Protein chains: 2
Amino acid sequence: MKLRLGLDIGGTTVHGIAVTAEEPHDLVREATHPTRKGAEGVVGSALDMVAALRSGLPADAEVLSIGLGVPGIVHAGAVTHAINLGLDGDPLDLAGAVSAGADGIPTAVENDVKAATLGGLQWLRDQGSDIDDLALLNVGTGIAAGLLLDGRLRHGSRGMAGEIGHLVHDPTGPLCPCGRRGCLELYASGSGVRRQWAGTAAELFEAADSGNLDAARIRDELTSGIAQAISLLAYSVDVSCVLVTGGVVSATPALRNAILAELRNAESTSLGRLAGIAERVRWLPAGHPAGALGAALLGAEDEEVRPWRS
Amino acid sequence: MKLRLGLDIGGTTVHGIAVTAEEPHDLVREATHPTRKGAEGVVGSALDMVAALRSGLPADAEVLSIGLGVPGIVHAGAVTHAINLGLDGDPLDLAGAVSAGADGIPTAVENDVKAATLGGLQWLRDQGSDIDDLALLNVGTGIAAGLLLDGRLRHGSRGMAGEIGHLVHDPTGPLCPCGRRGCLELYASGSGVRRQWAGTAAELFEAADSGNLDAARIRDELTSGIAQAISLLAYSVDVSCVLVTGGVVSATPALRNAILAELRNAESTSLGRLAGIAERVRWLPAGHPAGALGAALLGAEDEEVRPWRS
C-alpha cells in the first residue's frame with residue numbers, strides 16, 4: 001500500500017492525513033494536533049503528526065512523500081513571513097528539517113492556500129469535472145488565492161502569486177496590521193468581520209435584514225470585497241473556475257447568494273456579459289479537507305505523475 | 001529571405017511591419033494606413049496593409065505568417081467586443097478572412113495588448129535579459145495587461161486575461177462608458193486624464209507642482225491607479241517583470257517617478273519588502289513597435305519555434 005502524507009499546518013492546529021498515492025486518494029488516516037510556534041515548535045509539531053500518521057499503518061504501507069502546507073510565503077523551498085506560526089525571521093527549510101526527522105522521506109512545502117488549490121482540483125475531479133484551470137479563493141482569517149493555470153500550480157517569481165489580501169481596496173479605509181490603509185483583507189475576510197461584528201456572519205446578515213445599518217454596511221463591504229476578489233481573479237488570469245472556500249462563506253448561504261447577485265449585477269454591461277463571472281463560481285463544501293489533501297498531493301506534483309500534468 | 005508580417009490594427013491607424021522570421025527579427029518594411037471600421041472595413045484595411053508590405057519585397061522573399069493585433073476580445077480565434085473598430089456584434093473570423101485574401105498565408109489574430117507582450121518580451125531579450133515571465137501593462141486610451149507566464153502567453157478561459165481596466169477602483173466614482181462606476185480605466189489611462197484635463201500629462205504635473213489642486217488630484221489618481229494596476233499584477237500572478245508602455249507614461253518622466261515613489265512607499269511593510277514591486281518595473285521606450293512586432297511573432301508562437309517555448 002503506497003501512501004502520501006499531507007499536513008495543513010495552521011496557526012492553531014495541524015491537520016494531517018494519509019491518503020493512497022494514486023487517485024482517488026482514499027483517506028487512510030487522519031489526525032489533528034495543536035500547533036507549537038517558532039521554528040523548533042513547527043518542525044516538532046510536524047514530526048509529531050508524521051509519527052502519529054505512520055503509527056499503526058499496515059505492515060506493507062510505504063510512505064512515498066510528505067507534503068506541508070503553511071500560512072506563509074514559500075520561495076525556493078524556504079518559509080518566510082509565516083507570522084501566525086511565529087516564523088518571520090530567517091527563511092526556514094521546513095521540508096528539509098521534516099524530511100531529516102522522518103527517515104528521509106521526500107518532503108515538499110508550499111503555501112497553504114496554494115496547496116489547498118490542488119485539493120480543490122481533486123474535489124472538482126471527484127465531481128466529474130475536467131477543469132484544470134482554476135483559482136481557489138480562501139476567505140479565512142485573511143483572503144488569498146491559489147492559481148492552477150492550465151494544470152500547473154502558479155508559484156510566481158517570489159512565491160506570492162494569489163496573495164491579494166493586502167491589495168489596497170479603499171485608500172481612505174482603516175489602518176491594517178500590515179501598516180497600510182484599507183487592504184482588501186480588512187473587509188473580505190473572517191478577521192474583517194470580527195473586527196467590526198461580535199456574532200457570526202449568519203447573525204450579521206440577519207441583523208442587516210432587520211434594519212441594523214452598521215450590520216448592513218459590514219455585510220455589504222464583505223460581499224463587495226469577496227466579489228471584487230473573484231472579479232480580480234477573472235480579469236487578471238481569466239481562470240475557468242473560481243472555487244471559493246473558507247468558514248465565513250461555507251457557513252453563510254445568504255453571503256453566497258449576495259456575492260452571486262453582485263457578480264450578476266456586473267453582467268449588465270457588454271464586457272460583463274462576455275466575462276460571465278458568476279457562472280465560473282463554485283463553492284467548496286464545508287469540511288472538505290482541501291488543505292491537507294492538497295499538501296499530500298504536493299508529492300505527486302513534484303514527481304509529475306499527475307495525469308493532467310502531461 | 002523568410003519574413004513574418006505583423007499588423008497592429010488600432011482604432012485610427014494600422015501599423016504594419018515585415019520582419020525576418022528568426023531572431024533578431026530585423027525590420028524589413030514598415031507602413032501605416034488609416035483604419036476603416038466595421039467587419040468589411042477592418043478586413044479590407046488589413047489586406048491593403050498586407051499588399052503594401054508584400055509589394056516591392058525581394059524576389060526570394062517568402063512570407064511565413066501574418067499576425068494581427070486588435071483592440072478587442074479574441075477567443076477561439078474570433079474577434080468580439082472591438083468597439084473602436086466598429087466590431088461588437090457577431091464574432092468575426094478576422095484571421096480566416098485575411099488569410100483567404102492573402103494567398104492562404106497562415107494568419108493568427110490576438111488581442112493587441114497580448115500581442116504587444118510578445119513584442120515587449122523581444123525588447124527585453126534585445127537588452128540581454130533572459131526574463132520569460134512578465135506582464136506588459138499598456139496605459140493607452142484604456143488600461144490593460146498582457147501576461148507571459150513561464151514563457152507562454154496567457155490567453156485565459158475567455159480571452160480576457162489581463163483585462164483589468166474595468167475592475168472597480170472606486171465604487172463611489174464617476175459613471176464609466178461601460179455602465180458601471182469608478183472603473184480603474186477612468187483614472188489610470190490617457191482617456192482618464194483627458195476627461196478631466198485639457199493639456200498634456202506633462203502640463204498636468206507642472207500645474208500640480210504649481211499648486212493647482214484639481215491638477216494635483218488628477219495627477220495623484222493617475223499615479224495611484226497605475227501603481228494599483230502594477231501591484232495587482234504582482235500580487236495576482238507575481239510576474240518577474242512589469243513592463244509599462246503607453247503614450248502618457250512614455251511622455252511623462254515625472255509620472256514614472258511618482259509611480260515608483262508610490263510603489264516604494266508600499267515597501268515600508270514586511271510583505272511589501274518581500275514583494276519588492278518597484279524593482280520589477282521596466283518602461284518600454286517610446287516608439288518601440290511592440291504591437292506590430294508582437295503581432296508578427298504570433299506566427300512563431302503558433303509554430304512553437306521560439307527557443308524559450310521548449
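This is a predicted model: local features need pLDDT of at least 70, side-chain atom pairs count only at pLDDT 80 or more; totals for chains, interfaces and linings use all residues.
Two copies of a chain are related by a rotation about an axis and a shift along it. Here, chain B is superposed on chain A by a rotation of 180°, with 0.0 Å of shift along the axis. The RMSD of this superposition is 0.0 Å. The relation is therefore that of a two-fold axis.

The interface was then considered from the side of chain B. Contacts join 37 residues of chain B to 38 residues of chain A. Two elements of chain B give two or more residues each to the side that touches chain A: α6 (213-236) and α9 (270-275). Of these, α6(B) gives the most, with 5 residues. The side of chain B that touches chain A holds 16 nonpolar, 14 polar and 7 charged residues. Of the interface residues of chain B, 100% are also interface residues in chain A, so the copies meet through the same surface.

Within chain A, two domains are assigned. Domain 1 is made of two segments, 2-110 and 288-309, and domain 2 spans 117-283. The C-alpha centres of the two domains of chain A lie 26 Å apart. Their contact takes 16 residues from domain 1 and 14 residues from domain 2. On the side of domain 1 that touches domain 2, the elements giving two or more residues are β5 (73-75) and α10 (290-303) of chain A. The largest share of that side comes from α10(A), with 7 residues. By class, this side of domain 1 of chain A has 9 nonpolar, 5 polar and 2 charged residues.

Two packed helices are described by the angle between their axes and the distance between the axes. Helix α6 (residues 213-236) of chain A packs with helix α8 (residues 253-265) of chain A at an angle of about 60°. Their axes are 9 Å apart. Angles from 65 to 115 degrees would count as roughly perpendicular, and those under 35 degrees as roughly parallel. α6(A) and α8(A) are therefore oblique to each other. Their crossing is right-handed. From α6(A), the contact takes A:L222, A:T223, A:S224, A:I226, A:A227 and A:I230. These residues meet A:L255, A:A258, A:I259, A:E262 and A:L263 of α8(A). By class, the contact of α6(A) with α8(A) has 8 nonpolar, 2 polar and 1 charged residues.

Technical notes
Residues are numbered from 1 along each chain as its sequence is written. Chains are lettered from A and ligands numbered from 1 in the order in which they are written. Two residues are in contact if their C-beta atoms, placed from the backbone, lie within 7 Å. Helices (H or I, at least four residues) and strands (E, at least two) are DSSP runs, numbered from the N terminus. Ala, Val, Leu, Ile, Met, Phe, Trp, Tyr, Cys and Pro count as nonpolar, Asp, Glu, Lys and Arg as charged, and the others, Gly among them, as polar. Copies are superposed by least squares on the C-alpha atoms of residues with pLDDT of at least 70 in both. Domain bounds come from an automatic or database domain assignment. Axes are lines fitted to C-alpha atoms, for helices over the stretch in contact, and angles run from 0 to 180 degrees between N-to-C directions. Angles under 35 degrees count as roughly parallel, over 145 as roughly antiparallel, 65 to 115 as roughly perpendicular and the rest as oblique. A crossing is left-handed if the near helix is turned anticlockwise from the far one by less than a right angle, and right-handed if clockwise.
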